[in-house]
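Please read the points below with the model open beside you. They are set out as a colleague's note, one topic to a point.

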Amino acid sequence: METVSDPLGTKLLIFVLSVIAGSVDVIGFLGLGTLFIAHVTGNLVILAARSAAGEHASAAHLLSVPVFIIALVAARLLAAGLDRSRIVSLRPLLFLQLLLLSGLLTICIGVGALTDPDAAIMIVAAMLGVSAMAVQNALVQLSLKEAPSTAVMTTNLTRLVLDLGEVWLGTNRDSRAKAVTRARRTGVAIAGFVAGAGLGAWSQAHVGLWSLVLPTGLALAALLITCWSRWFVQAVDHA
């Protein structure tokens with residue numbers, strides 16, 4: 001299991017993963033029929049609102065949560081198998097995320113921007129994106145020790161504000177030092193998500209679903225970070 005003590009490699013990885021989550025979430029919401037790809041529980045709110053208004057419930061919204069859960073279970077089983085084989089799980093999970101996002105990008109580009117989001121092929125594409133984000137959520141929990149969430153910003157924002165309060169108001173020196181460390185971690189994730197949301201919205205407005213090149217390319221960058229960072233290479237070799 002990796003740690004977040006690396007001053008550059010791991011923080012850069014957390015930032016890139018957060019940008020992926022922010023960008024794919026906005027792109028999915030704008031281009032795939034108001035579907036939240038990263039913040040899947042938001043789809044429950046949309047379903048409830050549409051039901052209350054007597055509107056049609058999208059199949060993608062209905063499937064997003066169970067597909068997310070299934071992908072989480074699959075990622076956990078894969079990580080367990082890798083652990084039994086004494087293989088560090090971070091890179092394989094990042095590679096799996098890259099494959100899923102590549103599938104989402106390929107389908108969306110292949111069918112064109114005018115396809116109905118409720119079409120079967122687009123629902124399949126959307127579920128590939130949801131599965132990719134499930135894998136990302138899993139790898140942060142399983143393969144990055146003490147890392148903040150890279151997709152759920154409500155928890156991160158709460159943690160950041162409380163830690164800043166501890167830094168400013170706390171009297172225990174050790175508690176304040178730990179709060180500073182946590183605040184730096186969560187700050188990186190929040191900044192990445194905000195940047196990703198902005199980039200995703202801008203890209204979607206200008207190039208449509210071609211904007212999925214952004215999170216897919218960043219997924220490749222995240223994998224390369226673990227290959228080029230001397231710290232990650234040493235961690236894998238040690239394992």
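Predicted model: local features only at pLDDT ≥ 70, side-chain atom pairs only at ≥ 80, totals over all residues.

1. Helix H6 covers residues 153–169, and its 17 residues, at 1.5 Å a residue, should span 24 Å. The C-alpha atoms at the ends of H6 are 24 Å apart, which agrees with that expectation.

2. Which residues of H6 are buried? They are Met153, Asn156, Leu160, Asp163 and Val167, and, because they fall within an arc of 90° when H6 is seen down its axis, they line one face of the helix. An α-helix has 3.6 residues a turn, so residues three or four places apart point the same way. Helix H7 (173–207) is included in what covers the buried residues of H6, while the face turned away from the buried side carries the exposed residues Thr154, Thr155, Val161, Leu162 and Leu169.

3. The structure holds two salt bridges. In one of them, the side chains of Arg159 and Asp163 meet at 3.0 Å, N to O; because these residues are four apart in helix H6, about one helical turn separates them. Arg159 is partly exposed, with a relative accessible area of 34%, whereas Asp163 is buried, with a relative accessible area of 0%.

4. Asp163 also meets the side chain of Arg182 in a salt bridge, at 2.9 Å, N to O. This pair links distant parts of the chain, since Asp163 lies in helix H6 and Arg182 in helix H7, 19 residues apart. Through salt bridges that share partners, Arg159, Asp163 and Arg182 are joined into one network.

5. Turning to helix H1 (residues 9–31), is Ser23 buried or exposed? Ser23, which lies in H1, is buried, with a relative accessible area of 0%. Leaving aside neighbours within four places in sequence, Ser23 is in contact with Gly196, Ala197, Gly200, Leu214 and Pro215.

6. Phe15 is also found in helix H1, but this residue is partly exposed, with a relative accessible area of 32%. Together with Leu8 and Leu12, Phe15 forms a nonpolar patch on the surface, and the three residues have about 270 Å² of accessible area together.

Terms used
Residues numbered from 1 in each chain as written. Heavy atoms only, no water. Patch = residues over 30% accessible without salt bridge, like charges linked within 9 Å, V, L, I, M, F, W, Y side chains within 5 Å. Areas by Shrake-Rupley, 256 points an atom, 1.4 Å probe, with all protein chains shown as cover. Salt bridge = Lys/Arg side-chain N within 4 Å of Asp/Glu carboxyl O. Helix = DSSP H or I, 4+ residues; strand = E, 2+ residues; numbered from the N terminus. Buried < 20%, exposed > 50% of the residue type's maximum accessible area, 1.4 Å probe, protein only. Expected span 1.5 Å × (residues − 1). Arc of directions from axis to C-beta. Contact = heavy atoms within 4.5 Å.
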